[in-house]
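I opened the notebook to look up a few features of this chain. I will take them one at a time.

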Amino acid sequence: MHLSKFASNVYVIIRRDTLVGTMSTYLIDQLQETTNIHLLGKTEVVEARGTDRLQELALFNWNTKQTSIHKAEALFIFIGAKPYTEWVGPEIIKDHKGFIATGPALGALNGFNECWKLRREPFVLETSCPGIFAAGDVRSGAMSRVASCVGEGSMAINLVHRYLAEVK
């Protein structure tokens, strides 16, 4: 709901048919009644595309078995208890449960030295791919609480600015 106040369109991508059973009816009603929010059931993100920023998402619809490409300027991931991160490329290291690994602790993980080419350690929320950050529930070791996720999101913005200043 909050994002719909700023974005021209918000797409809620749902792996299930509907949101029924996942949240309160009044919240589902609010989403359905908001004209710039679009609910896409039985759909998954299968690819994120862009050059120096996110530009498109490839979405697969399980009902039609079709993949469609959508322009995107931002992606907010709410994954619930199980991380559906299979669509994230192999250059992003995940833990044994599929959560995205971040920060200096990455150095101890298999595959890190093959991915990381910078002299510095990764920033706190930075993934094994320089300049890509993970925050909130999708991150390995994250505290799954709204306030923590919001705080990490704010931290990630600051770290993005640090990264961009570094690569200029």
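Is Glu56 buried, partly exposed or exposed? I looked it up in this predicted model. Glu56 is partly exposed, at a relative accessible area of 29%.

**Salt bridges**

I followed Glu56 to its partner. Its side chain meets that of Arg49 in a salt bridge, 3.7 Å from N to O. Arg49 also has a salt bridge to Glu47, at 3.3 Å from N to O. Arg49 is at 31% relative accessibility, so I put it down as partly exposed. Glu47 is at 35%, so it is partly exposed too.

How many salt bridges are there in total? The count comes to 5. Another of them joins the side chains of Arg120 and Glu166, at 2.7 Å from N to O. This pair links distant parts of the chain, 46 residues apart. Arg120 sits in the loop between α2 (112-115) and α3 (146-167), while Glu166 belongs to helix α3. I read 39% relative accessibility for Glu166, so this residue is partly exposed.

**Helix α3**

I then tested the length of α3. Its 22 residues, at 1.5 Å a residue, should span 32 Å. The end C-alpha atoms are 31 Å apart, which agrees.

Which residues of α3 are buried? I listed Glu152, Ala156, Leu159 and Tyr163. They cover an arc of only 75° around the axis, so they lie on the same side of α3. I looked at the face turned away from that buried side as well. Ala147, Val150, Ile157, His161 and Ala165 are there, and they are exposed.

**Glu126**

Where is Glu126? I found it in the loop between α2 and α3. Its relative accessibility is 0%, so Glu126 counts as buried. I searched for what its side chain meets. A polar atom of the Glu126 side chain lies 2.9 Å from the backbone nitrogen of Phe123.

**Strands β1 and β2**

How do β1 and β2 run, parallel or antiparallel? I noted them as parallel, with 4 bridges joining β1 (residues 10-13) to β2 (residues 37-40). Between β1 and β2 the chain passes through helix α1 (residues 25-33), and this β-α-β crossover is right-handed.

**Positive phi**

Last, I checked backbone angles. Most residues other than glycine have a negative phi. I picked out two entries with a positive value.

Lys42 is not a glycine, yet its phi is positive, at about 50°. I placed Lys42 in the loop between β2 and β3 (43-49). Its relative accessible area is 26%, so Lys42 is partly exposed.

Lys65 has a phi near 60°, again positive in a residue other than glycine. I placed Lys65 in the loop between β4 (56-61) and β5 (66-71). Is Lys65 buried or exposed? At 53% relative accessibility, Lys65 counts as exposed, because the cut-off is over 50%.

Notes
Residues are numbered from 1 along each chain as its sequence is written. This is a predicted model: local features need pLDDT of at least 70, side-chain atom pairs count only at pLDDT 80 or more; totals for chains, interfaces and linings use all residues. Side-chain values use heavy atoms; hydrogens and water are left out. Two strands pair if DSSP finds at least two bridges between them. A crossover is right-handed if, with the strands pointing away from the viewer, the path from the first strand over the helix to the second runs clockwise. A salt bridge is a side-chain nitrogen of Lys or Arg within 4 Å of a carboxyl oxygen of Asp or Glu. Buried means under 20% relative accessible area, exposed over 50%, partly exposed in between (1.4 Å probe, protein chains only). The expected span of a helix is 1.5 Å times one less than its number of residues. The arc is that of the directions from the helix axis to the C-beta atoms. A polar contact is a pair of N or O atoms within 3.5 Å; within protein, one must be able to donate a hydrogen and the other to accept it, and residues adjacent in sequence count only if both atoms are side-chain atoms.
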